[in-house]
Amino acid sequence: MGSKVWLNGDLVGRDDAKISVFDHGVLYGDGVFEGIRSYGGKLFRLDAHVRRLYDSARGIRLAIPMTPQEIAKAIADTLAANGLADSYIRVVVTRGAGTLGLDPNRCTHPNVFIICDKIALYPQELYENGLEVITAATMRNHPNAVNPRLKSLNYLNNILAKIEAIDAGTFEAVMLNHLGYVAECTGDNLFIVRDATLFTPPISAGILEGITRDEIIAIARAEGTEVREENLTRHDLYVADECFLTGTAAEVIPVVRIDKRPIGEGKPGPVTKRLAEEFRRRTRA
Ligand code: PXG
């Protein structure tokens, strides 16, 4: 079965899923998106993703021409049409085709499309042995510029940091915010463990309010682990007992080296393993 893309109300073949080169999503990165996983044919935390999509759209003053219920149904229909039990779903809303020039009012109709495919960010082996990361020189977007809470189509900030990671021979980069505190990685949130307490940067550090992050915080609290959302410095990372990243695409992945420094024992720690195991159980349940 060829893959189907949902485009403005129709399920079309992958090669027929086309939008205009005058779409401001293409010309200016003017649009928003979501990345959602399905496990065993079930959409993981769909409502939270739909809500964030609408928040992002509101943040850029883009009116999605559908209700949240309609979007949720379109996502479910796309999943069903592709027959993938474990999949990655990309929902995109662009400002739509307009004229050259920034004015979004020249765009009459947002484009909405939904792709259902597979995603593998990191080699499987790294989920067992841990990932090496660097700190990027590129700082995370200032919250008063493009707020990182918005999942906008302009990911250049993250892409520039990702290039630094790749240049350094690693897969991921830690991004600091304008104050020098740890924000997040290019497509994942960051956690550390110190003395059996879990720490993660607060939303006010200028990060995406990750749904996997939220799930991990809930899992940790449910098992009685203290979780603190606090500003972290690079030094906090270097002296951590454990470190791991969370994201829809990445899921939960241990970090064992940052800027060539081993974290803790230099291998995935017990708290990370426990939380990753429970995350696996909840998603595969
Ligand atoms: N921070 C950023 C900047 C992200 O883009 C996360 C954190 C994690 O959020 P969630 O809600 O997914 O736990 C993200 C999410 C991709 C891809 O194609 C990236 C993300 C999600 C899915 C796919 O690289 N980033």
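Buried, in these legends, means that a residue has under 20% relative accessible area, exposed means over 50%, and partly exposed lies in between, with a 1.4 Å probe and protein chains only as cover. The structure is a predicted model, in which local features need pLDDT of at least 70 and side-chain atom pairs count only at pLDDT 80 or more, while totals for chains, interfaces and linings use all residues. Residues are numbered from 1 along each chain as its sequence is written, and side-chain values use heavy atoms, with hydrogens and water left out.

**View 1. The end of the chain at Ala285.** Ala285 is found in the segment that follows α8 (270–284), where helices (H or I, at least four residues) and strands (E, at least two) are DSSP runs numbered from the N terminus. With a relative accessible area of 80%, Ala285 is exposed. Although Ala285 and Gly40 are 245 residues apart along the chain, their C-alpha atoms are separated by 8.7 Å.

**View 2. The whole protein chain.** The protein chain has 8 helices and 15 strands, and its C-alpha trace spans about 55 × 40 × 35 Å along the principal axes. Its radius of gyration is 19 Å, which agrees with the value near 19 Å that a compact globule of 285 residues would have; this radius is taken over C-alpha atoms, and the globule rule is 2.2 Å times the number of residues to the power 0.38. Of the 285 residues, 51% count as buried.

**View 3. The shell around the ligand.** Among the 22 residues around the ligand, those that come nearest are Tyr155, Glu184, Ile211, Thr212 and Thr248; a residue is near a molecule or strand if one of its heavy atoms lies within 4 Å of it. By class, the shell is made of 7 nonpolar, 9 polar and 6 charged residues, where Ala, Val, Leu, Ile, Met, Phe, Trp, Tyr, Cys and Pro count as nonpolar, Asp, Glu, Lys and Arg as charged, and the others, Gly among them, as polar. At least two residues of the shell are supplied by each of β5 (87–94), α6 (211–222) and β13 (242–247).

View 4. A polar side-chain atom of Arg52 lies 2.8 Å from an oxygen atom of the ligand, and for a polar side-chain atom of Arg90 the distance to a ligand oxygen is 2.9 Å. In the side chain of Thr212, an N or O atom is 2.6 Å from an oxygen atom of the ligand. Taken alone the ligand exposes 540 Å², of which the protein buries 91%, with accessible areas from the Shrake-Rupley method and a 1.4 Å probe.

**View 5. Glu34 and its contact with Arg52.** Glu34 is found in strand β3 (residues 31–39) and is buried, with a relative accessible area of 1%. Its side chain makes a polar contact with the side chain of Arg52 at 2.7 Å; such a contact is a pair of N or O atoms within 3.5 Å, and within protein one must be able to donate a hydrogen and the other to accept it, while residues adjacent in sequence count only if both atoms are side-chain atoms.

View 6. Most residues other than glycine have a negative phi. Asn8, in the loop between β1 (4–7) and β2 (10–13), has a positive phi near 50 degrees and is partly exposed, with a relative accessible area of 39%. Ala196, in the loop between β10 (189–194) and β11 (197–200), has a positive phi near 65 degrees and counts as exposed at 54% relative accessibility.
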